[in-house]
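Here is a short report for a reader meeting this structure for the first time. Please look over the sequence and the model before reading on.

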Amino acid sequence: MAMPRPTVAQFAYGSCTVILSTVAMLALSRTGSAVGIAVIAVAALALGLLVAVTVPATRARAVAVRRPSAVPAERPVPVSSGTAAGESVRQRAA
């Protein structure tokens, strides 16, 4: 079974997460060693992947919560033949 292609939103959220989390962790840790920077980079990549994978699930869940399960049916609006809305284009043009 093939994996589906990532969406633009997944790329955007994942990339922004990697960049911002890397900058934040480097600024907060003030590390200068190569090992510390490598650990931060791997952690930021893992966090970005996690965010990118969960973007569709979060959005689908939010849409499902907002959408009520039983929506009342709308009544059709009757159109009488004597009104302007009921006239055809040919009748109005003449």
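## Ground rules

This is a predicted model, in which local features need pLDDT of at least 70, side-chain atom pairs count only at pLDDT 80 or more, and totals for chains, interfaces and linings use all residues. Residues are numbered from 1 along each chain as its sequence is written, and side-chain values use heavy atoms, with hydrogens and water left out.

## The chain

The chain has 3 helices and 0 strands. Its elements run α-α-α from the N terminus on. Helices here are DSSP runs of H or I with at least four residues, strands are runs of E with at least two, and both are numbered from the N terminus.

Of the 94 residues, 12% count as buried. Buried means under 20% relative accessible area, exposed means over 50%, and partly exposed is in between (1.4 Å probe, protein chains only). The accessible surface comes to about 8,200 Å², and 69% of this belongs to carbon and sulfur atoms. Such areas come from the Shrake-Rupley method with a 1.4 Å probe; for residues, only the protein chains shown count as cover.

Contact means heavy atoms within 4.5 Å. Among contacts between residues at least 6 apart in sequence, 52% join residues at least 24 apart.

## The largest pocket

The largest pocket has a volume of about 310 Å³. Of its 14 lining residues, Pro6, Gln10, Leu49, Ala52 and Val53 are the closest to its centre. A pocket is an open set of points on a 1 Å grid over the protein atoms alone, where a 1.4 Å probe fits, with protein on both sides within 12 Å along at least five of seven lines; lining residues have an atom within 4 Å of a point. The volume is the space filled by probe spheres set on the points, which are joined across faces, edges and corners.

Helix 1 (8–29) and helix 2 (34–66) each supply at least two residues of this lining. The lining divides into 9 nonpolar, 4 polar and 1 charged. Ala, Val, Leu, Ile, Met, Phe, Trp, Tyr, Cys and Pro count as nonpolar, Asp, Glu, Lys and Arg as charged, and the others, Gly among them, as polar.

## Residues of interest

Glutamine 10 sits in helix 1. It is buried, with a relative accessible area of 14%. Beyond four places in sequence, glutamine 10 is in contact with Arg5, Ala52, Val53, Val55 and Pro56.

Threonine 17 also belongs to helix 1. At 17% relative accessible area, threonine 17 is buried. It touches Leu47, Gly48 and Val51, leaving out residues up to four places away in sequence.

Threonine 54 lies in helix 2. It is partly exposed, at 34% relative accessible area.

| Side chain | Backbone oxygen | Distance |
|---|---|---|
| Glutamine 10 | Alanine 52 | 3.1 Å |
| Threonine 17 | Tyrosine 13 | 2.6 Å |
| Threonine 54 | Leucine 50 | 3.0 Å |
| Threonine 54 | Valine 51 | 3.2 Å |

Which residue is found in the loop between helix 1 and helix 2? Arginine 30 is found there. Its phi is near 50°, a positive value in a residue other than glycine. Arginine 30 is exposed, with a relative accessible area of 74%.

Note on methods:
Polar contact = N/O pair within 3.5 Å; in protein donor to acceptor, adjacent residues only side chain to side chain.
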